[in-house]
Amino acid sequence: MLYYILRRVLTMIPTLFVISLLTFVIIELPAGDYISNQIAALRATGESASIAKLEFLRAEFALDRPFLERYLIWIGLWPGVHGFDGLLQGNWGWSFEYEKPVAEVVGPTLPLTIVLNAATILFVYVVSFPIGIYSATRQYSWGDYGFTFIGYIGLATPNFLLGLIMLYFANLWFGLSVGGLMAPEYIGQPWSVGKALSVLAHLIVPTIVIGTAGTAAMIRRLRANLLDELHRQYVTTARAKGMSEPRLLVKYPLRMALNPFIADIGNLIPSLVSGSVIVSVVLNLPTVGPVLLNALQSQDQFLAGFILLFVAVLTLIGMLVSDLLLAVLDPRIRFGRKG
Amino acid sequence: MDVLTIDGLTVDFLTGEGRMRAVDDVSFSVPRNRTVALVGESGSGKTVISQTIMGLLPEKAQVTGGRVLFQESETAAPVDIAALDRKGAKMRAIRGNRIAIIFQEPMTSLSPLHTIGDQIGEAAELHRDVGPQEARELTREMLRLVRFPDPARALDSYAFELSGGLRQRAMIAMAMICHPALLIADEPTTALDVTIQAEILKLIKDVQAELHMSTLLITHDFGVVANMADDVVVIYHGRIMERGSAQALFAEPRHDYLKALLNAVPRFGMAEGERLVPIRPIEPHAEGFLKKGRSERACAAGAPLVSLTNVTKRFTTRKGGFFLGKGGHSVLALDTVNLTVRRGECVGLVGESGSGKTTAAKAVLRAIEVDEGSIRYDCGDGPVEVGSLKGAELLDYRRRVQLIFQDPFSSLNPRMTVNELLMEPLIIHNVGTAEERAERVRELMRLVGLDPRFLRRYPHSFSGGQRQRIGIARALALNPEFILCDEPTSALDVSVQAQILNLLRDLKTELGLTYLFVSHNLAVVDYIAERLAVMCRGRVVEIGSTRDVVENPLHPYTRALLASVPEPDLNAPLDFAALEAGRASEPDLWPEPYRLVDGVRPALVEVESGHFVCAPGLAGNSGSLPMEAAQ
């Protein structure tokens with residue numbers, strides 16, 4: 001098992017390199033870069049005073065070097081103007097738009113993003129499991145139809161619309177401030193019990209809004225998976241032993257139906273980040289989603305590259321977790337055989 | 001005293017089209033310590049009866065009449081199971097405790113995610129009021145009783161680590177752990193090899209004697225009935241046709257249905273030219289393109305059509321092992337196999353699962369590449385190496401060689417109509433115009449005794465036998481000369497099996513086909529094949545004319561195989577005592593001169609004219625083998 005974990009972690013390293021290269025290629029696909037675009041804009045308006053400064057910046061950030069060199073400097077495998085100073089050395093780069101280091105731009109948003117994602121995944125699983133099990137075991141009952149109906153509404157309603165409606169009522173009924181992940185007075189303040197509580201209260205609406213579609217999809221899939229398993233022979237065997245239905249359900253078919261969901265943890269993360277961009281913009285959430293959107297629009301390449309890489313890392317960790325969980329839960333995978 | 005009394009039981013299924021009667025006024029009883037066999041074809045309602053007794057009927061089934069009285073002992077009050085709530089506590093207290101069941105499919109009956117010990121011990125924990133530790137003890141004891149080779153280790157193994165026979169033993173252990181008064185065995189050996197089947201039957205008998213238990217044995221195999229049952233109940237379409245002691249029924253079957261069923265079972269020693277009598281015989285009509293036969297070149301009748309020479313195939317299992325990084329190990333699927341099929345004959349290829357018979361068939365089809373040796377096929381101008389065929393030659397080869405699959409349910413695409421299924425080979429090989437193709441497809445349907453009006457239907461609307469006939473029609477679509485039949489009847493009922501076997505026999509004479517007939521059922525092969533090759537662990541151990549091999553088996557494995565076939569004859573019971581002695585499928589346990597150890601080539605020795613046996617001890621250890629030897 002230890003060997004497996006070690007091997008699994010080691011294979012993540014080359015994967016990360018490939019991902020970082022691809023990320024870099026993609027963000028460099030548009031012609032030019034942030035600074036040369038600005039230079040062009042200044043030239044067009046006839047202002048040439050600050051061009052020299054921008055030229056200096058271009059050299060400073062090695063934007064005038066060939067592509068591969070730029071990439072290697074970015075990840076820190078090639079000496080730049082200031083020697084080895086890239087991602088590997090802990091320098092996340094410079095955001096041209098914010099004129100701040102990337103670390104300072106995304107730093108505050110990262111923990112909140114992770115908190116929000118974790119809460120959403122938890123919400124998706126906690127809500128969809130009981131409902132999925134109920135729907136599968138009572139197929140074609142009123143309850144099943146009811147949840148199916150609600151599920152389709154959840155899938156079909158635009159997230160941001162749902163978000164606005166919920167924010168309005170949360171404000172009306174509970175007096176929550178609209179937008180953001182905490183009440184305005186806590187923004188920029190050090191962490192305290194009050195701030196944490198405020199964050200928790202403000203998490204509820206975004207969690208539900210971002211998680212609804214995922215929950216609806218998950219319910220449908222769990223229902224379908226479980227329905228498949230419920231008619232398997234081994235379930236009949238267990239029933240023939242005289243087990244009671246609830247115990248039987250949890251021990252046998254549910255465990256079999258779990259595999260796809262565990263395998264899904266890794267996939268959920270990127271879709272939650274990219275899928276929640278619009279919601280984050282609408283609800284004014286300080287997560288990386290809107291920052292990423294901005295960075296991509298203005299070709300703020302180091303910022304965009306870092307965020308994409310960050311999501312990739314999250315995904316890889318998610319995959320690792322699901323692989324390990326699968327191996328723990330399913331002996332067929334553990335022994336590398338089909339049953 | 002009767003442990004179980006079924007009295008006027010009637011079960012209806014509520015379907016979209018209304019009520020369908022599955023069991024109609026059935027009455028019989030199972031006496032204490034006796035075995036009652038419930039015999040019938042698929043769809044006869046025998047499984048519904050077992051489900052009723054277990055309280056496992058599906059939601060849409062309804063007991064509309066009759067009683068199912070279960071009386072555990074002389075003193076206990078009888079319980080009417082049919083009246084109990086199926087999911088209620090009372091039913092659950094009986095189910096798995098006083099009445100237990102073994103299912104047909106040991107492969108799917110156990111959960112792959114839980115250890116064997118967990119799944120067996122669970123029944124004890126549920127009913128015998130014991131803790132996990134005691135349950136484990138009991139399970140170990142039970143596994144010993146069902147003769148697991150290493151009970152202590154088996155406790156922590158998973159179902160997929162065990163062979164089919166061991167899984168069925170685990171199922172029996174699970175059923176027995178609460179010492180039930182009644183055991184229902186629902187086709188317990190249908191999915192197993194004959195030698196394993198004999199062992200499992202013996203095991204059920206032994207355990208039954210030890211625990212004083214009654215058995216309701218559900219089966220369609222009269223060989224099993226003859227060896228196991230005290231009383232027999234024959235059921236057809238939900239109604240009881242005949243009922244009585246095994247002696248009476250085998251000696252003097254009265255009902256036409258039972259007589260017909262008995263006539264449909266292939267037996268050893270059938271006279272030359274004697275035909276099975278299927279319940280619904282079909283007459284193949286060859287006409288048109290099929291009758292015209294192949295105008296293309298072909299080798300002469302009786303000349304070698306396909307010959308395998310020293311064919312060896314190794315499968316390397318994937319580097320598994322989660323905990324250890326050990327390398328993959330390889331399995332010898334085919335070891336120096338020599339086999340010749342002459343044009344116009346039917347060669348039977350017999351062996352247990354894992355013996356390499358299907359691998360050999362696939363190698364001939366060129367569905368897999370062989371590692372060593374050669375497979376030659378004679379298209380009319382001399383034998384050609386199959387592995388070297390390319391382009392048009394390969395396409396021509398594909399037209400000449402076709403395959404009939406084992407499972408008629410999964411071998412037909414459920415989303416294609418019969419017309420599309422039969423048309424597909426013609427389209428792939430670009431045969432004829434659209435009208436000619438349509439005409440051909442209709443001819444094919446008539447040939448296998450199906451109404452061409454069925455062409456627009458989808459496979460699900462056909463029975464297993466009809467589907468297999470569609471599969472045969474598809475194999476014949478290109479007018480092939482050589483057909484590989486991969487266990488074409490093992491998924492079918494005996495009466496349908498007789499029908500398909502007769503059809504294949506008739507087609508062979510009518511169309512001049514050559515068959516390689518792969519099967520694990522010796523009686524079936526005996527009926528259809530002129531020559532017989534027995535395989536074990538990737539080696540051909542005996543080849544000869546069917547009559548020679550069956551009447552004078554030389555190889556210990558062939559003998560064991562023949563001895564394990566339960567015959568539908570009360571006077572020829574299985575010799576259970578002899579079975580125990582031979583672990584016949586272990587090549588290194590065979591007596592000299594048959595003993596084979598790794599690295600020794602399985603040389604064939606001609607013992608009598610045309611009858612070869614694998615005996616490295618007689619061939620000398622040179623291991624060389626003249627090519628003619630296999631012919």
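## Two packed helices in chain B

In this predicted model, let's start with a pair of helices in chain B. Helix H14 (residues 418-428) and helix H15 (residues 434-447) of chain B pack with their axes 10 Å apart, at an angle of about 120°. Because of that angle, H14(B) counts as oblique to H15(B): 65 to 115 degrees would be roughly perpendicular, and over 145 roughly antiparallel. The crossing of H14(B) past H15(B) is right-handed.

Which residues meet here? From H14(B) come B:Asn419, B:Leu422, B:Met423 and B:Leu426, and they meet B:Arg437, B:Arg440, B:Val441 and B:Leu444 in H15(B). Sorted by class, the residues of this contact are 5 nonpolar, 1 polar and 2 charged.

## A look at chain A

Now turn to chain A. Its secondary structure comes to 16 helices and 2 strands. The C-alpha trace of chain A spans about 85 × 55 × 40 Å along its principal axes.

Chain A has 339 residues, and 33% of them count as buried. Take the contacts in chain A between residues at least 6 apart in sequence: 65% of these join residues at least 24 apart.

## Where the chains touch

How many residues of each chain are in contact with the other?

Terms used
Residues numbered from 1 in each chain as written. Chains lettered and ligands numbered in written order. Predicted model: local features only at pLDDT ≥ 70, side-chain atom pairs only at ≥ 80, totals over all residues. Helix = DSSP H or I, 4+ residues; strand = E, 2+ residues; numbered from the N terminus. Buried ≥ 20, exposed ≤ 12 C-beta atoms within 10 Å, placed from the backbone. Contact = placed C-beta atoms within 7 Å. Axes fitted to C-alpha atoms, helices over the stretch in contact; angles between N-to-C directions. Parallel < 35°, antiparallel > 145°, perpendicular 65-115°, else oblique. Left-handed = near helix turned anticlockwise from the far one by under 90°. Nonpolar A, V, L, I, M, F, W, Y, C, P; charged D, E, K, R; others polar.
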